[in-house]
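Q: I would like a close look at a single part of this structure, and then at what lies around it. Please keep the account plain.

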Amino acid sequence: MVSSRHQSHGEVLVIVKTIGAQWASIHFIKSLKFNPGLVKIILINVESWLRRCKNIQLRAQSKSSTMNGQNIPDSWDSGLDGSEVENTTSTFSQLNIGAKPFVPNVHAVAFVPSFKTAACAPPPQDSASPVQESFSSPPASSGEGEKVLMNSHQVDKEADQKNAPESEMETEVNDQEVQEKEVEEMQIEVQPSAIRIAPVEVQQSSRATPPPPPVEADDEEGKMKEDHLNVVFIGHVDAGKSTIGGQIMYLTGMVDKRTLEKYEREAKEKNRETWYLSWALDTNQEERDKGKTVEVGRAYFETETKHFTILDAPGHRSFVPNMIGGASQADVAVLVISARRGEFETGFERGGQTREHAMLAKTAGVQHLVVLINKMDDPTVKWNKVRYDECKEKLTPFLKKVGFNPKKDIHFMPCSGLAGTNLKESDFSKHPWYTDLPLIPYLDNLPTVSRSGTGPVRLPIVDKYKDMGVIVLGKIESGRIFKGQSLILQPNKRKVKVLGILSDDEETDSSIAGENVKIRLDSVEEEEISKGFVLCSPDNLCSTGTTFDAQIAIIEYKSIICAGYSAILHIHTCVEEVVIKQLICLIDRKTGEKKKTRFVKQDQTVIARMQTQGSICIESFKKFPQMGRFTLRDEGRTIAIGKVLKLLD
């Protein structure tokens with residue numbers, strides 16, 4: 001037996017092919033103290049060589065020939081027991097497969113045993129680890145062994161191809177593919193050095209390309225979202241609010257011409273030719289059939305500097321509660337007035353929605369009001385400046401009484417919603433007496449509303465629905481909301497998690513104060529959420545209670561109000577029945593003097609103690625104005641407005 005420590009790679013292959021079969025692979029090769037990877041290469045080579053012999057055997061049987069008078073064994077891969085080991089060498093030597101003797105590759109690189117390279121290699125960090133000991137050999141030895149093996153395969157293959165008949169060439173090609181596949185598997189398995197090098201390469205690549213600082217991205221996002229403006233269209237029924245909203249969407253490219261032509265055909269079939277523009281916002285079939293907005297329509301459009309959200313509030317008196325919810329989400333209100341003879345007077349007289357909507361907008365916190373005098377192209381008006389001035393003179397004293405400053409907070413402009421005149425571009429041939437900006441450029445030039453995302457999260461819920469989870473709608477009054485954030489739902493103190501955020505139907509990762517959003521929540525059912533609930537930060541919850549002191553201004557009520565009077569309270573998005581438990585004092589509007597009283601009547605201001613039936617989310621006006629102002633309604637009309645002074649329970 002040849003010494004295993006001084007055996008070269010090529011000589012080992014000669015011994016394997018001379019002794020052959022599984023005895024050499026199992027007993028002899030395991031006794032050699034070679035690199036474990038090299039031993040595996042030799043084993044794979046033996047198995048490949050045996051398969052080649054078996055293929056030759058099958059071809060010989062098909063020709064009904066024999067080799068040297070000896071029958072071919074049934075299986076070349078059959079195991080050898082102890083009695084057959086002695087005859088193994090003679091059995092293989094009698095085979096004559098027509099191949100030339102094996103010629104070793106004399107130019108092969110000499111094999112370097114692992115015990116010599118181990119002295120040069122650095123000691124492993126953990127000597128007790130068996131995995132590190134098996135990978136202690138350098139990767140060069142594995143590569144050299146692969147080169148020797150491939151060279152020996154090539155010489156053997158060329159010798160077989162010269163003596164084999166042409167009918168056997170196809171089988172040889174298949175053998176070659178099998179060998180190449182095995183060598184590829186062998187190269188993947190016998191490279192332990194790559195396992196240790198890979199983590200180092202990852203660390204280097206991560207250090208070479210550090211992530212950009214998030215500060216600039218946040219600043220850019222905050223700047224973009226800061227130029228966001230919520231505009232609510234309010235006014236008497238049939239004043240043209242939805243028509244103007246649809247025309248604005250068409251002029252800004254949010255609705256294409258083909259869609260409007262479809263709406264126009266459908267409206268003409270119902271003898272409602274002038275309603276087609278309003279259908280861009282009135283998507284409900286009931287609203288389209290009756291021509292009246294029921295729910296607050298939502299849409300958006302963009303200019304070069306700002307992003308606008310349109311809130312189309314209903315004008316009918318039966319849907320004033322919905323209008324209050326829409327106005328509570330707005331930054332700017334557009335009061336649409338019809339200049340047509342008779343329509344303006346109907347909306348402005350007592351009981352008309354022009355007065356009530358203007359008052360409710362101011363109570364909801366709207367600071368800037370644009371009065372849009374619509375239908376100036378009507379045959380009863382024909383862009384007459386006298387009619388325009390008449391409407392303006394009647395509205396100004398009332399709006400001043402409500403609380404708007406005519407010089408700073410109010411702006412009047414004429415327009416035609418159906419024709420689109422003076423909405424995006426002016427037509428001075430029709431109104432030479434009005435030279436100011438049209439509606440869209442005027443809104444675009446309004447000062448940017450400052451938003452702060454540093455405060456606690458406050459999001460009063462306007463509506464809810466179920467679509468692949470529970471989705472709530474509302475305007476973020478304070479703070480910042482982002483995906484994966486944990487919040488508390490007040491007043492039931494339910495823990496929820498934000499799964500997704502939609503801002504104007506576009507997916508976003510975060511939203512800041514002032515945005516109207518749709519939020520998908522987890523860990524809560526639809527039945528557990530009601531209109532008026534508030535999403536809050538876990539570390540800073542909003543106040544809840546049933547009893548509070550408030551300052552109330554009676555706007556319109558025919559009789560007197562005493563303790564025990566009940567009405568409907570509208571505070572942010574919450575609607576709740578409330579009872580006046582006690583009239584604390586009456587405030588003189590001129591002198592500010594306070595005195596005790598047993599009743600209060602129209603045009604008076606009183607401080608009263610009020611109590612709701614259930615617990616509601618509420619804040620004092622001084623602490624958080626958006627959740628501290630309210631409206632009292634009774635018998636379908638607004639009777640008073642007020643603000644919360646102090647929470648008691």
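Is helix α14 (residues 320–327) mostly covered or mostly open, and how many of its residues are buried?

A: The model is a predicted one. In it, helix α14 is mostly covered, with six of its eight residues buried. Those six are Val320, Met323, Ile324, Gly325, Gly326 and Ala327. The cover over them is drawn from several elements, including the strands β1 (228–235), β3 (307–312), β17 (566–571) and β21 (629–634), together with helix α16 (353–363).

Helix α16, one of the elements that cover α14, is itself largely enclosed by the rest of the structure, because nine of its 11 residues are buried. The buried set in α16 consists of Gln353, Thr354, Glu356, His357, Ala358, Met359, Leu360, Ala361 and Thr363. After α16 comes Gly365, which has a positive phi, near 105 degrees.

Thr243 belongs to helix α11 (residues 241–251). Its relative accessibility is 15%, so Thr243 counts as buried, the cut-off being under 20%. When neighbours within four places in sequence are left aside, Thr243 is in contact with Thr274, Leu277, Ser278, Gly417 and Leu418.

Ala640 sits in strand β22 (residues 637–647). Ala640 is buried, and its relative accessible area is 0%. With neighbours within four places in sequence again set aside, the contacts of Ala640 are Ile552, Ala553, Ile554, Ile555, Thr631 and Leu632. Of these contacts, Thr631 and Leu632 carry numbers that fall in the range of β21 (629–634), one of the strands that cover α14. From Ala640 to Asp603 the C-alpha distance is 9.3 Å, and the two residues are 37 places apart in sequence.

The loop between α11 and α12 contains Gly253. Gly253 is exposed, since its relative accessible area is 55% and the cut-off for exposed is over 50%. The C-alpha atoms of Gly253 and Glu302 are 9.1 Å apart, while 49 residues separate the pair along the chain.

Asp256, Glu261, Glu264 and Glu273 form a negative surface patch. One of them, Glu264, is in helix α12 (residues 257–269). Glu264 has a relative accessible area of 32% and is partly exposed.

One of the pairs is Asp289 with Lys270, whose closest N and O atoms are 3.0 Å apart. This pair links distant parts of the chain, as Asp289 lies in helix α13 (residues 285–290) and Lys270 in the loop between α12 and α13, 19 residues apart. Both partners are partly exposed: Asp289 has a relative accessibility of 42%, and Lys270 has one of 36%.

A salt bridge also joins the side chains of Lys375 and Glu343, at 3.1 Å from N to O. Lys375 is in the loop between β5 (368–374) and α17 (385–402), and Glu343 is in helix α15 (residues 343–348), so this pair ties together parts that are 32 residues apart in sequence.

Within helix α17, Glu390 and Arg387 are three residues apart, about one turn of the helix. An α-helix has 3.6 residues a turn, so residues three or four places apart point the same way. Glu390 and Arg387 form a salt bridge, with 3.4 Å between the closest N and O atoms. Arg387 is buried at 1% relative accessibility, while Glu390 is partly exposed at 24%. The two also take part in a network of salt bridges that links Arg341, Glu345, Arg387, Glu390 and Lys394.

To return to the part asked about, α14 is mostly covered, and α16, among the elements that cover its buried residues, is largely enclosed as well.

Notes
Residues numbered from 1 in each chain as written. Predicted model: local features only at pLDDT ≥ 70, side-chain atom pairs only at ≥ 80, totals over all residues. Heavy atoms only, no water. Patch = residues over 30% accessible without salt bridge, like charges linked within 9 Å, V, L, I, M, F, W, Y side chains within 5 Å. Areas by Shrake-Rupley, 256 points an atom, 1.4 Å probe, with all protein chains shown as cover. Salt bridge = Lys/Arg side-chain N within 4 Å of Asp/Glu carboxyl O. Lys, Arg positive; Asp, Glu negative; His and termini not counted. Charge placed at Lys NZ, Arg CZ, Asp CG, Glu CD. Helix = DSSP H or I, 4+ residues; strand = E, 2+ residues; numbered from the N terminus. Buried < 20%, exposed > 50% of the residue type's maximum accessible area, 1.4 Å probe, protein only. Contact = heavy atoms within 4.5 Å.
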